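User: Please go through the strand pairing and helix packing of this model with me. I will ask about one element at a time.

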Amino acid sequence: MRVNAREVVAGLLLVAVVNTQTLVLAQQAGQNPNLQQDGKTYTIVNKTNIVLTNVVVRDKKTGALVKDLKAGDFTILEDKKPQRVSSFDYQNVDQAAVLAEKNTVVGKASIADLLERNLAATPAQLRDHRLMVVFFDLSSMQDEDIDRAVDAAENYVNKQMQPADLVALVSLSTGLTMDQDFTSDKAALLKGLAKYNGTDTTGFGPGGNGSSDGTSDDTSSFSADDSEFNALNTDRQLLAIRSIAQSLERVDQKKSMLYFSGGLTRQGIENQASLRAATNEAAKANMSIYSVDSRGLQALPPGGDASKGSLRGNSAYSGKAVTAAFSANAASQETLGTLSMDTGGKAFFDSNDFGPAFMQVQHDTEAYYIIGFKSTNQAQDGSYRHLTIKVNRPDVTIQYRPGYYAPADFRHAKNEDREMALNEQLRSDLPATDVSMYLQALYFRLNDNSFYVPISLVVPGSQIHFLNGKEDKATLDIIGQVKNGQGIGVGNVRETVKLALNPTVNAKQKNIQYSTGFTLAPGKYHLKFVVRENQTGNMGSFETDLNVPDMKKSPLKLSSIVLASQRVPNTQKKTTSPLVRDGQEWVPNIPHVFRQDQHLYFMYEVYDPAHQKSETPTPAATPGLTQRPPIGGVRVLTSIEFILNGTLVYQTPQVEATAINSPERGAVSFQFDVPLAPLKPGTYVCQVNVIDDAGMSFGFPRLALRVTPAAPAAVATTAAATTPAVAPVP
């Protein structure tokens, strides 16, 4: 079950005829609910962005907390421009009260239970408490690293934990899991920490770059290049941090994350988008990250430690091995330091004692001011903005986050951020509704265990913002995925469609139809497609279930029935798509709406029809051999009826097939061309009669269709479009 890269068809044909059409334009007058009678769209948008930052104020001489400041005592500068304080609060853990904790929930994939009030009776009870997430990145830690981190956490719970502390345990191995929700119950925390005993090897060491120089001589003559794996693994770790921050975004209090990791290495600029996204989410969630290198203080001898073989090449003697080891260690710590610095936390490196990390969190969150302001710079350009906070008292020191990344609209987003947003929407359980779209999936048998599933997507032209000029230009990003009944992806497609249309086509009043296809085995599937309009960044999604039938036991094996009003040239020499016949591609009409001046085309197939008994006399048998009786031809009868208001108003002549005309699929293929001029406008029930006379089986599937009055006479205009090559995701 996979997407066949050679059989994914991108029909990007733009033809000015009515109704849907493999990227086609179709008449859409009166079908856009967003348009008012005067042709204008009215939208009211109200956005408020408040920047929150935590400020700790201490006396210069004694280091004691300063607790009596007011909002007027603070001055905030963003990029040296003064800002007005719009919210002000003071949190003091000395005033913490015992929470009325409910039963904590364990084993879930997120810590969003806090938002559902599973922790305290009301969110207000979280005030004056210290919220701490202890995050164990098991995917980057070796056994000894895990033991060292767990020992430090157990020591904190037993000896350092205060009544105001609420701690959650989260881990990342094969997936992100919450092992203990926020609680002050020490027994529950110790039970959760006991799971990280380090008996299973879960850590992944950083891969090689393909060079054998400086690597251990382990009798292997091949050195793998794991750069892509390293980049994906780093993205995965940063995505986990981002997910945790998102689940806590609606809790006002300051949150602290103790991030135990065996190192986090960026691959050039490959992970820049993920790093920026994780930092932004932590800032929005008011969460500081305290990174702890669980490897502790390391010895990096020139020839490697005793667990490695002798080094290849001469790097052990030239100093290159030592330089490379120190560089790799620094690179794995640099990203951890960046996460801590950009979120207002601290990093702890090169120490085997992790206790100070817990003490630092307690120290920084003992008492603090939460100050919010509305930035005077409303540009959503994604730039980094420096913060300067001053207090009108000379005898104090202040600690605060040095800056934040501004939100970026679609126009200012980087390519990596745009691609990430598209993939996130594909994974999201919530639909995107800014762009209207509709999807139809059909099926045709290729062999007993394989079906071709053509998929057609329709987007109204009124939803697309065209750049006007000599040609109306626009681009659409399309991403889709097919999952089987177990939720495993078995097919993907990702494509950027470029449109360049003649302005006379009036694309705003047409539909844009995109076609692709997958090769699947019989079974139940779930389809989801996301379309993004690349001028505004608006997205729309559509998902549906698909049942590809197992026809082995069906008495009448019938394909989907295709209704079309358009057939367009297709010169592909090799294609398994049944929609391509005799150099023409059938474009399915998804809404089943046709005009009287159009032709209605039907296409369907009957597979493995029964053979009639031959009337030819059986020849004399050869002595010693068993003679098979001769096999006759097939006899399949079919016709199509049109029913209006319960009355049969039209029926096509009956067609009889006596031979298999698509031997590669073992099918009898039927094609009908029905002029619609004799039919009155209205909604019809169309019944397709199929009878396998030799097999004594039959079927009478029905479909609804609508016939509308003929359009006024006009000169047909055709607009060409670029047909890009589809690049399916493996």
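User: How many bridges join strand E6 to strand E7?

Analyst: This is a predicted model. Strand E6 covers residues 130-137 and strand E7 covers residues 165-172, and the two run parallel. Within this pair, Phe136 stands opposite Ser171 of E7. The number of bridges joining E6 to E7 is eight.

User: Which strands are the edge strands of the open sheet?

Analyst: The open sheet has six strands in the order E8-E7-E6-E9-E10-E11, with mixed pairing. An edge strand pairs on one side only, which applies to 176-183 and to 347-348. The edge strands are E8 and E11.

User: At about what angle to E6 does helix H1 run?

Analyst: Helix H1 is formed by residues 143-160. This helix lies across E6, E7 and strand E9 (255-261). Its angle to E6 is about 160°.

User: Are H4 and H8 roughly parallel or roughly perpendicular to each other?

Analyst: Helix H4 (residues 272-284) packs against helix H8 (residues 415-427) with the axes 9 Å apart and an angle of about 70°. Angles of 65 to 115 degrees count as roughly perpendicular. H4 and H8 are therefore roughly perpendicular.

User: Which residues of H8 make the contact with H4?

Analyst: H4 passes H8 in a right-handed crossing. By class, their contact has three nonpolar, one polar and three charged residues. H4 contributes Ala273, Ser274, Arg276 and Ala277. From H8 the residues are Glu416, Asp417 and Met420.

Terms used
Residues numbered from 1 in each chain as written. Predicted model: local features only at pLDDT ≥ 70, side-chain atom pairs only at ≥ 80, totals over all residues. Heavy atoms only, no water. Axes fitted to C-alpha atoms, helices over the stretch in contact; angles between N-to-C directions. Helix = DSSP H or I, 4+ residues; strand = E, 2+ residues; numbered from the N terminus. Parallel < 35°, antiparallel > 145°, perpendicular 65-115°, else oblique. Left-handed = near helix turned anticlockwise from the far one by under 90°. Contact = heavy atoms within 4.5 Å. Nonpolar A, V, L, I, M, F, W, Y, C, P; charged D, E, K, R; others polar. Pairing = 2+ DSSP bridges.
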